[in-house]
Amino acid sequence: MIEFCKLQIGCLVIVLYIAFCYYRERKSLPIKYRSSTFDGLLVLGIVSIFFDMLTAYFVNHQDEISLAANRLLHMCFLIGLDAVAFFLFWYTLSITDGIPKKKSRQALFWFPFLVNILVVVFNIGTLEFRRGSITNYSMGISVYTCFIMAAVYILLSIGIFYWRWSYIESHKRVIIFTYLLVIGGIAAFQMKYPESLISCMAPTIVILGVYLNQENPAMKKLSYYHSEMVMGFATLVENKDDSTGGHIKRTTMYVKLLAEELRRRGIYRNILTKDYMNDLLLAAPMHDIGKIAIPDAILQKPGKLTAEEYEKMKQHTVSGGKIVQDTFGHLGRAQYGEIVYQVARYHHEKWNGAGYPEGRKEKEIPLCARIMAIADVFDAVSEKRCYRDAMPLDKCFAIIAEGSGTDFEPILVEVFLDMREKVEEIHSQINDL
């Protein structure tokens with residue numbers, strides 16, 4: 001009975017098992033770590049394989065079902081297969097931050113898919129069944145349209161993969177390339193040999209590859225716990241100078257906002273890769289980690305520091321760099337360790353070389369530290385401290401503007417000031433508790 005659909009049954013069992021594992025663990029993930037696009041891909045994959053199984057059986061047992069019902073099953077299968085190809089493309093856009101913000105531009109991607117569905121539906125009545133040397137198979141305008149559209153979206157996915165290469169974490173690139181190449185090969189083989197009936201392998205490999213490489217909840221939990229640990233540790237350090245975590249959260253959001261806008265504008269595109277962005281956002285909360293080595297009497301002094309006290313305070317950058325090297329230098333993530341070190345040690349360097357601890361200038365200062373410097377200074381002047389009240393926001397933005405070319409890199413200042421409205425929104429939303 002299952003002679004002609006054993007492959008489909010096996011694929012369906014695999015995907016259902018993945019779905020069981022995924023949804024069992026997914027509910028414990030924070031919402032921001034969940035992917036609705038993968039949810040859609042998973043559901044469509046199950047539907048596609050299910051109808052693939054039914055059509056593989058009934059195309060070889062046509063006496064057990066009416067012609068209209070058989071064509072209806074094939075219509076569902078063809079639409080499901082194209083939907084999987086389209087959602088793979090959409091998912092590739094999502095993981096590379098390539099989905100357009102405007103609905104009108106998103107519609108340009110959806111339009112060919114919707115047209116394809118209409119072509120499949122309106123031509124399903126011309127579907128014909130042919131006898132092959134191994135098994136029967138279906139052909140017709142609906143089938144041709146389905147295969148062409150699937151091929152187009154698979155090729156687009158591969159194109160997006162190469163175009164947005166730097167927006168994909170380096171440890172994921174080989175696996176993503178592998179499963180894209182494999183499903184492209186499966187699609188090509190199925191088109192050349194339609195009686196092979198192996199199309200069910202494409203969604204299975206897509207879902208398996210995406211799940212293991214990107215959407216495994218267990219791996220996402222580790223990432224979440226790591227970021228929470230970093231934020232918690234950084235907040236403990238900040239508490240030494242009467243801060244309660246608001247500074248950490250705000251500066252991290254300012255860094256994120258500025259870095260993303262730089263990348264969007266194509267500024268420092270070669271540096272601001274997906275890996276770099278992820279590591280930068282985990283490094284930003286640790287910028288003042290060296291303060292743990294500074295006496296409380298200096299950190300919490302309500303008045304102006306003496307020259308001697310100020311020299312001791314400046315040492316928090318040196319101490320921070322050393323602490324980072326001793327703590328994060330052996331994690332096996334060289335780039336992350338380097339970015340944390342650079343942020344902690346160099347975020348008080350100035351564009352004109354008048355900063356500390358080394359007096360670096362211009363692009364001698366790492367980009368991550370140049371970004372951190374703006375976020376740190378803006379938050380420092382815009383919030384109340386033990387030695388002074390918060391400054392008005394107009395004055396805070398004026399300080400950043402006045403520092404262009406002296407304290408800060410001019411292009412970073414320009415971008416930061418262009419985003420004033422978003423910066424003010426972060427400032428108002430995240431307050432010390």
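Colleague: Which residues is glutamine 214 in contact with, leaving aside its neighbours within four places in sequence?
Modeller: This is a predicted model, where local features need pLDDT of at least 70 and side-chain atom pairs count only at pLDDT 80 or more, while totals for chains, interfaces and linings use all residues. Residues are numbered from 1 along each chain as its sequence is written, and side-chain values use heavy atoms, with hydrogens and water left out. Contact means heavy atoms within 4.5 Å. On that basis, the partners of glutamine 214 are Tyr91, Ile95, Lys172, Ile176, Tyr179, Gly209 and Lys220.

Colleague: Is glutamine 214 buried or exposed?
Modeller: Glutamine 214 sits in helix 7, residues 201–215. Helices here are DSSP runs of H or I with at least four residues, strands are E runs of at least two, and both are numbered from the N terminus. Buried means under 20% relative accessible area, exposed over 50%, and partly exposed in between, with a 1.4 Å probe and protein chains only. Because its relative accessible area is 7%, glutamine 214 is buried.

Colleague: Which side chain is joined to arginine 345 by a polar contact?
Modeller: Arginine 345 belongs to helix 13, residues 334–346. It counts as buried because its relative accessibility is 15%. Beyond four places in sequence, its contacts include Thr317, Val318, Gly321, Tyr356 and Pro357. The polar contact spans 2.8 Å, and the partner is glutamate 358.

Colleague: What is omega for the peptide bond that joins tyrosine 356 and proline 357?
Modeller: Most peptide bonds are trans. Proline 357 lies in the loop between helix 13 and helix 14, the latter at 367–382. The bond from tyrosine 356 to proline 357 is cis, with omega at about 15 degrees.

Colleague: What is phi of glutamate 362?
Modeller: Most residues other than glycine have a negative phi. Glutamate 362 is in the loop between helix 13 and helix 14. Its relative accessible area is 43%, so it is partly exposed. Phi of glutamate 362 is positive, near 45 degrees.

Colleague: And what is phi of tyrosine 268?
Modeller: Tyrosine 268 occupies the loop between helix 9 (246–264) and helix 10 (274–283). This residue counts as buried because its relative accessibility is 17%. It is not a glycine, yet phi is positive, at about 55 degrees.

Colleague: What separates the C-alpha atoms of alanine 69 and methionine 219?
Modeller: Alanine 69 is in helix 3, residues 67–95. With a relative accessible area of 25%, it is partly exposed. Methionine 219 is 150 residues away along the chain, and the C-alpha separation is 43 Å.

Colleague: What radius of gyration does the protein chain have?
Modeller: The value is taken over C-alpha atoms, and the globule rule is 2.2 Å times the number of residues to the power 0.38. The C-alpha box is roughly 95 × 35 × 35 Å along the principal axes. A compact globule of 433 residues would come near 22 Å, whereas the protein chain has 28 Å.

Colleague: How many helices and strands does the protein chain have?
Modeller: Of its 433 residues, 51% are buried. The secondary structure comes to 17 helices and 2 strands.

Notes: Polar contact = N/O pair within 3.5 Å; in protein donor to acceptor, adjacent residues only side chain to side chain.
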